[in-house]
Amino acid sequence: MEKLNRSKFKALVHYICEKAEDPSCLGSVKLHKVLWYSESIFFKLHGTSITGETFVKRQHGPVSRHLLPVLDELVFEKKIARGKVDHFGHVKSEYIATAPAPVDAFSAEEIKLIDASFEHVCLNNTAKSISEQTHGVIWQIADIGEEIPLHTVLASEVGEIDEDDIAWALGKAKAP
């Protein structure tokens, strides 16, 4: 398990808030999802995460364990502003960056992946549709509140077992 790089995680949250030039496109649900997609896809590609953040199972998908205290810090430091709006009868948080995010904390490849995750989550989905997309097999087998280790994304796509797989397994089982 990787150790959380808290300053880099804080920079990541700040950067995502800065990307939301229109604050209506980024609420709490989508912020959690951009973090999940950024970290889990980077892990799939590189075997390590961007920040070492951990995620837990909640009703609407994986959520970041450290997001809330980091948001409070960024608000306290006046780097972001947080507001509440009525969104179809539900209270929705919105975030606006009030200071530039420290993008030098990230490699060009990390920025490219974070930007793509932001676009997919915030510009191409609703909070409901993106939540449904994060209800895959690894989320389904976890209990509410249980940590979802990033390495589980490597087994997130269930495949079919065919005769070749069975023959291989039997051969391994018979080998000395």
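Guide: Begin with accessibility: buried means under 20% relative accessible area, exposed over 50%, and partly exposed in between, with a 1.4 Å probe and protein chains only. At 64% relative accessibility, Lys 78 therefore counts as exposed. This is a predicted model, in which local features need pLDDT of at least 70 and side-chain atom pairs count only at pLDDT 80 or more, while totals for chains, interfaces and linings use all residues. Residues are numbered from 1 along each chain as its sequence is written, and side-chain values use heavy atoms, with hydrogens and water left out.

Visitor: Where does Lys 78 lie, and what is its phi?

Guide: Helices (H or I, at least four residues) and strands (E, at least two) are DSSP runs, numbered from the N terminus. Lys 78 belongs to the loop between α3 (67–76) and β3 (80–87). Its phi is near 60 degrees, a positive value in a residue other than glycine.

Visitor: How many helices and strands does the protein have, and how many of its residues are buried?

Guide: There are 7 helices and 4 strands, in the order α-α-β-β-α-β-β-α-α-α-α from the N terminus. Of the 176 residues, 40% count as buried. The C-alpha trace spans about 65 × 40 × 25 Å along its principal axes.

Visitor: Is His 32 buried or exposed, and what does it touch?

Guide: His 32, in helix α2 (residues 28–46), has a relative accessible area of 12%, so it is buried. Contact means heavy atoms within 4.5 Å. Not counting residues up to four places away in sequence, His 32 touches Phe 55, Pro 62, Val 63, Ser 64 and Leu 67. A polar contact is a pair of N or O atoms within 3.5 Å; within protein, one must be able to donate a hydrogen and the other to accept it, and residues adjacent in sequence count only if both atoms are side-chain atoms. Here the His 32 side chain reaches the backbone nitrogen of Ser 64 at 3.0 Å.

Visitor: At what angle do α1 and α2 pack?

Guide: Axes are lines fitted to C-alpha atoms, for helices over the stretch in contact, and angles run from 0 to 180 degrees between N-to-C directions. Angles under 35 degrees count as roughly parallel, over 145 as roughly antiparallel, 65 to 115 as roughly perpendicular and the rest as oblique. For α1 and α2 the angle is about 120 degrees, with the axes 11 Å apart, so the two helices are oblique to each other. The contact is made by Phe 9, Leu 12, Val 13 and Ile 16 of α1 with Leu 31, Val 34, Leu 35 and Glu 39 of α2.

Visitor: What about α1 and α4?

Guide: The axes of helix α1 (residues 6–19) and helix α4 (residues 108–123) come within 11 Å and cross at roughly 50 degrees. That makes α1 oblique to α4. Contact residues include Leu 12, Tyr 15 and Ile 16 of α1, and Ile 111, Ile 114 and Phe 118 of α4.

Visitor: Where is Leu 154, and is it buried or exposed?

Guide: Leu 154 is in the loop between α6 (137–141) and α7 (163–174). Its relative accessible area is 58%, so Leu 154 is exposed. Leaving aside neighbours within four places in sequence, Leu 154 is in contact with Phe 43 and Lys 44.
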